Amino acid sequence: MNPETLILAIILLPLFGMFGIISSRNHPNIREAVTLITAALVAILVVRLAIQFMNGNSFAVTIAEPIPGLSIAFKVEALGMLFALVAGLLWLVTSIYSIGYMRSHKEKNQTRFYAAFALAISCTMAVAFSANLFTLFLFYELLTLSTYPLVTHAGTAEARRSGRTYLGILLGTSIGLFLLGILVTWFVAGTLDFQQGGILAGKLDPAWAGLLYALFLFGIGKAAIMPFHRWLPAAMVAPTPVSALLHAVAVVKVGVFTLLKVTIYIFGSDFILSNDITGGLIWVAAATILFASMIAMTKDNLKARLAYSTVSQLSYITLGAMLASKAGLMGASMHIAMHAFAKITLFFAAGAIFVATHKKRVSELDGLGRAMPVTFTAFFIATLSIVGLPPLGGMWSKWYLGLGAVETGQLLLVAVLMLSSLLNIAYLLPIPVRAFFSKPASGSHYTEIAEAPKTMLLAMIITSLTCVILFFYPDPLHQLATLATGGS
Amino acid sequence: MGNHISLLLVVIPLIAAPIVAVLPRGGRLPWLTTLIITFICAFLASSQLWMVLNDGVISYELGGWAPPWGIEYRIDAVNAFVALIVAAIAAITLPYALLSAEKEIPQHQIPLFYSAFLLCLTGLLGITQTGDLFNVFVFLEISSLSSYALISLGRNRQALTSAYQYLIMGTIGATFFLIGVGLIYSQTGTLNMQDLAKLLPQLSQLKTVHTGFAFIMIGIALKLAMYPLHLWLPNAYTYAPSVVTVFLAATATKVAIYIMLRVLFTIFPDDFLLATPTYDIFILSGMAAIIFASIYAIYQSNIKKLLAYSSVAQIGYIALGIGFASSKGVTAALIHLFNHALMKAALFMAVGAIIYRIGSCNMKNIDGLGKQMPWTFGAIVIAGLSLIGVPGTAGFISKWYLVTAALEQQAWISVVVILFGSLLAVIYIGKIIEALYFKPVTDSNQSAQEAPLLLLVPLWVLVCANIYFGLDTSLTVGVAEKAADVLGVVDIGIMNK
C-alpha cells in the first residue's frame, strides 16, 4: 500500500467500521468483532506508517480546496505521527476493555456507543494528520460533535446537563476564540499551512502576537486550560471507556496537540522565544497545574479526581509548548504519550472497580486491594508514572519539562513542577496504598468481590506494562519528539 | 432562441398560472404541470447563467422598443445568479410539494395553490430579469399578492391574520418603493436602470433625489425584513403551509436583497451613498438583527417560528456584508444569499416532514422523534450545522468570507458579533436537536414513522448541497466574486469615510 493511501486508510477505516457496526446492530458478537478488527487494522496501519515515516519518507494528500489557498489536506509529520500512534494503539486496547465493561454493565444503546466511538477515532486521526489549521479545525469540531452522544450516553437529566456544558464550552471557545485566531492568522499570513519555523514571524507585531496566542490558548478548549476546563469533569458522566480513551487520550490530547502544532508550525519557536510572546500566558498554565491538582484532592468521586488530574496534566503539555524551548517542546510532545498510557490505566482501573463493586468514591475503596490485586497494582504503577518517578515512562517527559524550565531560566516554574509532583502524590498515591493496607470500613475483608472481567484486566495489564517499557525504551517516542522540535 | 431565454423565464410561468388554476381538482395534474414548468424554468435559468458567464451581459428589448423608452431586460452575473437560486429552489420544492400540500391544504384549493405558486415564481423571476425600475414594482406586486394568498392557505386561523399583517406591511413597502421611484422619475425622466445610473451623478445634490432614495430604501427594507422592519416575517413564515415557507424563506427575501444591491451599487453613484448614512445603517441593522433576532429565536417554542427568527438574523449577516462597502463584503453577502437559501430550505423542509407525520412543530410535541425519523433528524443536524457555520458545510464558507471582509475593514465589533451570532445559533439549533433526540419518546410519537420518500429525497438533495458547497465553492464564490465585480462595487470601506 503506498503511503498516501495509508493515510487515507487510517482515517477512513474507523468510518467504514462505524457503518459495519451500525449494520450489524442486531448481532452483538459480530458488532464487537467489527470493532476489534477495525481497531486492530488501524493499529497495524499506524505502526506501518510510523515505520515508513521513520525511514525518512514524508507524504501528503489533498482532498479538496473549498477556498483558494485553503485546502483539506493531510500530511504526516513527526508530532502527528506520535499522536496517531498513541491514539491508534490505545483504541485497540480500549476496544478490548469496552466489550467487557459494556456487557458486564448491561449498558443500553451499545451500537450507538461503538459507532460514535469509531467516528471519534476517525476524527482524531484526521486531526493528527492535518496539513493545515483549516483541516485541523474542521475535524476538531467534528470530534466535539461525534463525542456528544457518548457524553450523554446515559440519557439522564444529569447526562443531558453535562452534555450541554460539554458542547457549550467546546463549541463556544472554538467558534468564539479559536476560529477568530485562525481567521486573524489567515488574514495576516495569507496561509494556514503548518510549516517548520512558523508562518507568522515577521508578519505580526510581537504585542499582537501575544494576543493572538491568547486566542489560541483559550480558544482551544479541548486543552482544558482554566477557566475553560469545566467541560472535562462534566464529561465524566459518560461510560468509563469513553472517559478513558476520549477524555484522557483522544479528545484532550487533540487540544494540547493542536496547541503544540500552533506553537511549532504557526508561530515557530524562534519567533516566540525571541519576542517573549508567551511570557505572561505561561502563568495561566502554571496556575492551572496547581489549582487543578488542589481541586483533585478535594474530590471524593474517583472519576472526578482523575478528571481534575487530567486538567492539571494537560497544562504540563501546554506549559511545555509555551516554554517553546527545545527541551520544553520535547517534554510536551513526550508527555502526550506518557500521560496517555498512565491516565488510561487509571481510568481502566476506575471502571474495573465500578464494574466489580459499583463503588465510585475514593473513600469506599479501603481494603479492596486484596480482592482486586491486578487492578490496584496497575493503578499503583500508573500513579507512579503520573507522578514522574522511575522506572516509569512519565519520568522522561517531566525530566524534559523541568529541563526546559531551567533552560529558559524560569526557576519559579521549576518550583511549580516540583510542587505539582508532590500534589500528585498526595491525591493519587493514597488510593492504592489504602486499598492494599487499610482495613475495609466494615472491618472484615471482602470475600464476595472478585476482579473485573478478563478483557478489562488484559487491557489494564497492557497499558501499565507499557508505562514500564517506556521508561527503558523511550526511543521511538524520543526520536519522533526530536524530529517534531526540529532537532537533529 | 438563445436571447429569448430571459423573457421566457417570466412568460412561461405567467401563462401556466391561469391554466393550472382551471385544471381538474381531484387529480394530480395541477402539480404535475407546475412541476414541469419549474423544471423548465430551472433549466432556462441555469443556461442563462452559463451564457452570461461566457458571453457577458444579455440585453433584451421587450417588444423591440429600444431602451430607455421600452422596457429592457438586462441580465448580468448578479441577476442570473439570483434567478438561478429562485428557479432551482422552486424546482426542488415542487417534488416535495405534492404530499406536503395534500396534507396541509384543502383539496379544492390545490389547483389555486399551484396557480398562486406559479404567479409568485413569475414575480420573483421577473424582478431578477428586468432592467426597469417601474417594472420591478410591477413584479414585486405580483409576487407579493400571490404570496399573501399562499400564506393564507395555512391550516390555522392565524394564517389569515398573518397574511393580513404581511399584506399591510407589504403594501406599505411597495407604496414607499413606488413613491421613491416616482420622485426619481420626476427628476430624471427615466426608469431604465442603466439610464438612471448615467443621469443620477449630476443630480445627486437634489433634495428630491435624496427623498426618493430614502423612500426606495425603506420600501425594499420592509420587503426583505431588514431589522427592525421584520415584524411581518415570523408570523408569515410560521403559519404558512410548510411548502410555502420553504419556498418563500429561500427566495422572497433573497430577491428583495438583490433589488437592494441593484439600487445601491448600479443605480446610485458611490459618492451619493457616502453622503448618506446608508452604510452605517446597514451595519447597525445587521448587528442588531444578528443579536436580537437570534435571541428571540432561542425563546421560541414553535420550531417554524424559531427558524423564521433565525432567518431575520441571517438577513442581518447579509446586511452586514453590504454595509462593509467593499467588494469582499458584497461577495460575502452574495455567497450567504445562496448558502442561506440552501440551509433554510432544508431546515423548513425537515420541519415540514415532521408536521406531515405528527401534525405539529411545537417543541413540546417533538420529543424523541429523532429515533422515529432518523433521516429527517439527520437532515436537521447537518443543515443546522451549516446554519451554525461548522467547517465542511456551506455555512462555514459564508462566515469565512464575511469575517475576512470584516477583518479587512478592521471592523472588530462586527467580527465579534458574527461569531457571537454563531454561538447563539448553537443554542437554538441545539434546543431542537436535544428535544428530538435526547428526550424520551412520548406515547403519541411512538407510532410516528419516517417521512415518505417524496419528502425525503428533495430534503436530502438540499442537505447534500449544503455539504457539497462547503467543499467545492467554485460555483458560489466564483459567481459571487464576478457578480460583485459586475455591480461595480468600489472598495470605499467604512474606515475611510
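In chain A, helix H9 (residues 240–267) and helix H13 (residues 326–357) bring their axes within 8 Å and cross at roughly 170°. This is a predicted model, in which local features need pLDDT of at least 70, side-chain atom pairs count only at pLDDT 80 or more, and totals for chains, interfaces and linings use all residues. Residues are numbered from 1 along each chain as its sequence is written, while chains are lettered from A and ligands numbered from 1 in the order in which they are written.

**Helix pair in chain A**

- Axes are lines fitted to C-alpha atoms, for helices over the stretch in contact, and angles run from 0 to 180 degrees between N-to-C directions.
- Helices (H or I, at least four residues) and strands (E, at least two) are DSSP runs, numbered from the N terminus.
- H9(A) and H13(A) are therefore roughly antiparallel (angles under 35 degrees count as roughly parallel, over 145 as roughly antiparallel, 65 to 115 as roughly perpendicular and the rest as oblique).
- H9(A) contributes residues including A:Pro241, A:Leu245, A:Val249, A:Lys253 and A:Phe257 to the contact. Among those from H13(A) are A:Leu329, A:Ile336, A:Lys343 and A:Phe347. Contact here means C-beta atoms, placed from the backbone, within 7 Å.
- The residues of this contact of H9(A) with H13(A) are 18 nonpolar, four polar and two charged. Ala, Val, Leu, Ile, Met, Phe, Trp, Tyr, Cys and Pro count as nonpolar, Asp, Glu, Lys and Arg as charged, and the others, Gly among them, as polar.

**Helix pairs in chain B**

- Helix H2 (residues 29–55) of chain B packs on helix H4 (residues 110–129) of chain B at about 15°, with the axes 9 Å apart. That angle makes H2(B) roughly parallel to H4(B).
- From H2(B), B:Trp31, B:Ile37 and B:Cys41 are among the residues in contact. H4(B) brings residues including B:Tyr114, B:Phe117 and B:Leu121.
- The contact of H2(B) with H4(B) has eleven nonpolar, two polar and no charged residues.
- Helix H16 (residues 374–388) of chain B and helix H19 (residues 453–471) of chain B have axes that come within 10 Å and cross at roughly 30°. H16(B) and H19(B) are therefore roughly parallel too.
- B:Trp375, B:Ala379, B:Ile382, B:Ala383 and B:Ser386 of H16(B) face residues of H19(B) including B:Leu456, B:Trp460 and B:Asn466 in the contact.

**Chain B as a whole**

- Chain B holds 20 helices and two strands.
- Its radius of gyration is 21 Å, close to the 23 Å that the globule rule gives for 497 residues, so chain B is as compact as a globular protein of that length. The radius is taken over C-alpha atoms, and the rule is 2.2 Å times the number of residues to the power 0.38.
- Along the principal axes, the C-alpha atoms of chain B fill a box of roughly 70 × 55 × 40 Å.

**Where the chains meet**

- 20 residues of chain A are in contact with 21 residues of chain B.
- Strand S1 (60–67), helix H5 (133–151) and helix H6 (157–189) of chain A each supply at least two residues of the side that touches chain B. H6(A) gives the largest share, eleven residues.
- That side of chain A has 14 nonpolar, four polar and two charged residues.

**Confidence**

- Chain A has a mean pLDDT of 84, and 98% of its residues reach 70 or more. pLDDT is the predictor's confidence in each residue, from 0 to 100.
- Within chain A, confidence is lowest in helix H19 (residues 475–484), at a mean of 80, and highest in helix H11 (residues 282–298), at 89.
- Chain B averages a pLDDT of 87, with 98% of the residues scoring at least 70.
- The predictor gives the complex an ipTM of 0.79 and a pTM of 0.86.

Terms used:
Two residues are in contact if their C-beta atoms, placed from the backbone, lie within 7 Å.
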